[in-house]
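Subject: Structure handover

Hello,

Here is the structure we discussed, with notes on what turned up in it. Please look it over before reading on.

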Amino acid sequence: MSNTPMAANPLTRAVLEIDEYVSGLGWDQPARLFALVDTARLRAQEPALAAQLGLEEESESAGLTPIEQDEIPAGKPLDEFLATIAWPDAVAGCALAVERLMLPPSAEAQVPQNLGEAELAKWVAEHPERQEVRMTVAVLRDGGRESALRLREKDSPTEVLTGPDLVPGLAQALAATFED
């Protein structure tokens, strides 16, 4: 966590750490999925992996370690991909970082009716008020949620908005990966 701001909540710290990592890769990146594991449990049960991740020296006993998963298949809708995931018991939570185009609420009244998905995406992409946003959303097995939003036009660690309910639909889709 080099430049990640300190946050009281381990889930918020994990989300900000993922946001910082993905931000370092630049924009126009594919969606990235992360498992969140309890750091103390990881050190105890997988010391070699903890050492590989640079966690053996960490003084903090409570926390979550994000572990990036294999690349999300290109061309597969995100909701369909998430529906195929099942996590082992050792995974305390998961997170997803994804870029999207967003319109301000004032643009909702302008959306043409009866557009198909492709036409709507094209309309949003061409709208003069569109904003590119990176959303990092995390959920825990116990129901905890956290999100970070970063606008491309304000791409700075001090301009990242956090909160548990910023992207409720994506948080719900991630939470469903823990249901039996």
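Tyr21 is partly exposed, because its relative accessibility is 37%, and that value falls between the 20% and 50% cut-offs. Please keep in mind that this is a predicted model.

Aromatic pairs

The count of aromatic pairs comes to two. One of them joins Tyr21 and Phe34: the ring centres are 6.1 Å apart and the planes stand at 90°, so the pair is edge-to-face. Tyr21 belongs to helix α1 and Phe34 to strand β1, 13 residues apart, and the pair links distant parts of the chain. Phe34 counts as buried, at 3% relative accessibility, whereas Tyr21 is partly exposed.

Trp87 and Phe178 also form an aromatic pair, this one stacked, with 6.2 Å from centre to centre and 20° between the planes. Trp87 sits in the loop between α4 (78–82) and β3, while Phe178 sits in the segment after α6 (168–175), so the pair ties together parts 91 residues apart in sequence. Trp87 and Phe178 are both buried.

A further contact involves a charge and a ring: Arg134 lies over the face of Trp27, at 4.1 Å from the ring centre.

Is strand β5 enclosed or open? Five of the seven residues of β5 (residues 145–151) are buried, so the strand is largely enclosed by the rest of the structure. Strand β5 pairs with β4 (residues 131–140) in the antiparallel sense, over seven bridges. β4 and β5 form a hairpin with four residues between them. In the turn, Gly143 has a positive phi of about 100°. β5 is also joined to β6 (residues 161–163), by three bridges, and these two strands run antiparallel.

Ser147 in β5 shows both pairings: Val137 stands opposite Ser147, and in β6 the bridge partner of Ser147 is Gly163.

Backbone angles

Most residues other than glycine have a negative phi. Two exceptions may be worth a look when you go through the backbone. Asp28 has a positive phi, near 65°, and lies in the loop between α1 (10–24) and β1 (32–38). Asp28 counts as exposed, because its relative accessibility is 56%. Asn114 likewise has a positive phi, near 60°, and lies in the loop between β3 (93–102) and α5 (117–126). Asn114 is exposed too, with a relative accessible area of 79%.

Regards

Note on methods. Residues numbered from 1 in each chain as written. Predicted model: local features only at pLDDT ≥ 70, side-chain atom pairs only at ≥ 80, totals over all residues. Heavy atoms only, no water. Buried < 20%, exposed > 50% of the residue type's maximum accessible area, 1.4 Å probe, protein only. Pairing = 2+ DSSP bridges. Phe/Tyr/Trp six-rings, centres within 6.5 Å; stacked < 30°, edge-to-face > 60°. Lys NZ or Arg CZ within 6 Å of the ring centre and 35° of its normal.
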